[in-house]
Each structure stands twice: as structure tokens, then as C-alpha cells.
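Let's take a walk through a protein chain together, one piece at a time. Keep the sequence and the picture side by side as you read.

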Amino acid sequence: MNRIDVPAEDAKAFEATFMESMRATLAGVPGLRRSSLLRPTEEGQPYVSTMEFDSRADFIAWLRSDSFKAAHSDREAPGMDTPSAIEQYEEIGTIES
């Protein structure tokens, strides 16, 4: 997970840029199951980007990949210069209905 603080005036541009970057750089990433961008529902909350990988090794490989470098190369893109906090978790279990 990555929590990304985006000023309200940059929100629409950030969303468009982030989603386009995801489409352009994440297709075919080995072990990537799912990637999502979540919009905050209350003012002052951060956006949350989530990625689910088959394994920690797949995640580490992505961090070292050209795909990762491409996704983070445009420092001028909306939201790329804002504070963010990366959090990592391991799944314990899932219940589906």
C-alpha cells in the first residue's frame, strides 16, 4: 500500500496521470495479481494505491524492474512530488462470499 497526499486542486490530474501510468507500466508484471487506486471519501485523507503480488520475491523483482522505473520516472507528474507512505503487509487469510 502507498498512501499519497494529494492537494484537492491536483486531484483530477493526479487520478488521470496515475491511472494512465498503471495501464502503461503494469501490464505483464510477473506475479502482479491486482493493482488499485482508491480515492479518499473525506477531505484531508490520502489516496491509497494497492498492489497484490503472488510472492514477496515478485514484489522485490518489480521494485528492481524497468516497469517500476518507468512508473516513477516523471517527477513533474501531478502527485509525484507529494508526501507518501509505503506500507507492506502479508495476507493471513481471505473470506469470499
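## Starting at strand β1

Asn2 sits in strand β1; helices (H or I, at least four residues) and strands (E, at least two) are DSSP runs, numbered from the N terminus. This is a predicted model, where local features need pLDDT of at least 70, side-chain atom pairs count only at pLDDT 80 or more, and totals for chains, interfaces and linings use all residues. Residues are numbered from 1 along each chain as its sequence is written, and side-chain values use heavy atoms, with hydrogens and water left out.

Is Asn2 buried or exposed? With a relative accessible area of 19%, Asn2 is buried. Buried means under 20% relative accessible area, exposed means over 50%, and partly exposed is in between (1.4 Å probe, protein chains only). Setting aside neighbours within four places in sequence, Asn2 is in contact with Tyr47, Val48, Ser49, Ser84, Ala85 and Ile86, where contact means heavy atoms within 4.5 Å. Arg3 is also found in strand β1, and at 31% relative accessibility Arg3 counts as partly exposed. Arg3 and Pro30 are 27 residues apart in sequence, and their C-alpha atoms are 23 Å apart in space.

## Helix α1 and its two sides

Now look at helix α1, which covers residues 11–25. Its 15 residues reach 21 Å from the first C-alpha to the last, close to the 21 Å expected at 1.5 Å a residue. That expected span is 1.5 Å times one less than the number of residues.

Which residues of α1 are buried? They are Ala11, Phe14, Glu15, Phe18, Met22 and Thr25. Seen down the axis of α1, these buried residues fall within an arc of 130 degrees, so they line one face of the helix. The arc is that of the directions from the helix axis to the C-beta atoms. On the face turned away from the buried side, α1 carries the exposed residues Lys12, Arg23 and Ala24. The cover over the buried residues of α1 includes β1 (2–4), β2 (32–38), β3 (47–53) and α3 (66–71).

Let's zoom in on Glu15, a residue of helix α1. Glu15 is buried, with a relative accessible area of 12%. Not counting residues up to four places away in sequence, Glu15 touches Leu37, Arg39 and Tyr47. Glu15 and Leu38 are 23 residues apart in sequence, while C-alpha to C-alpha they are 9.5 Å apart in space.

## The nonpolar core

Which residues touch the most other members of the largest nonpolar core? Of its 14 residues, the answer is Phe14 and Tyr47. The elements giving two or more residues to this core are α1, β2, β3 and α2 (56–63), and α1 gives the most, with 4 residues. A nonpolar core is a set of buried Ala, Val, Leu, Ile, Met, Phe, Trp, Tyr and Cys residues joined through side-chain atoms within 4.5 Å.

## From the loop into β2

Next up is Gly31, in the loop between α1 and β2. Gly31 is buried, with a relative accessible area of 17%. Leaving out residues up to four places away in sequence, Gly31 touches Glu52, Phe53, Asp54 and Asp58. The C-alpha atoms of Gly31 and Phe68 are separated by 14 Å, and these residues are 37 residues apart along the chain.

Leu32 has its place in strand β2. Beyond residues up to four places away in sequence, Leu32 touches Leu26, Met51, Glu52 and Phe53. Leu32 and Trp62 are 30 residues apart in sequence, with 8.7 Å between their C-alpha atoms.

## The largest pocket

How much space lies in the largest pocket? About 1,200 Å³. Of the 41 residues lining this pocket, the closest to its centre are Met1, Thr50, Met51, Phe53 and Phe59. β1, α1, β2, β3, α2, α3 and β4 (84–86) each supply at least two residues of the lining, and the largest share, 6 residues, comes from α1.

A quick note on the terms: on a 1 Å grid over the protein atoms alone, a pocket is an open set of points where a 1.4 Å probe fits, with protein on both sides within 12 Å along at least five of seven lines. Lining residues have an atom within 4 Å of a point. Grid points are joined across faces, edges and corners, and a volume is the space filled by probe spheres set on the points.
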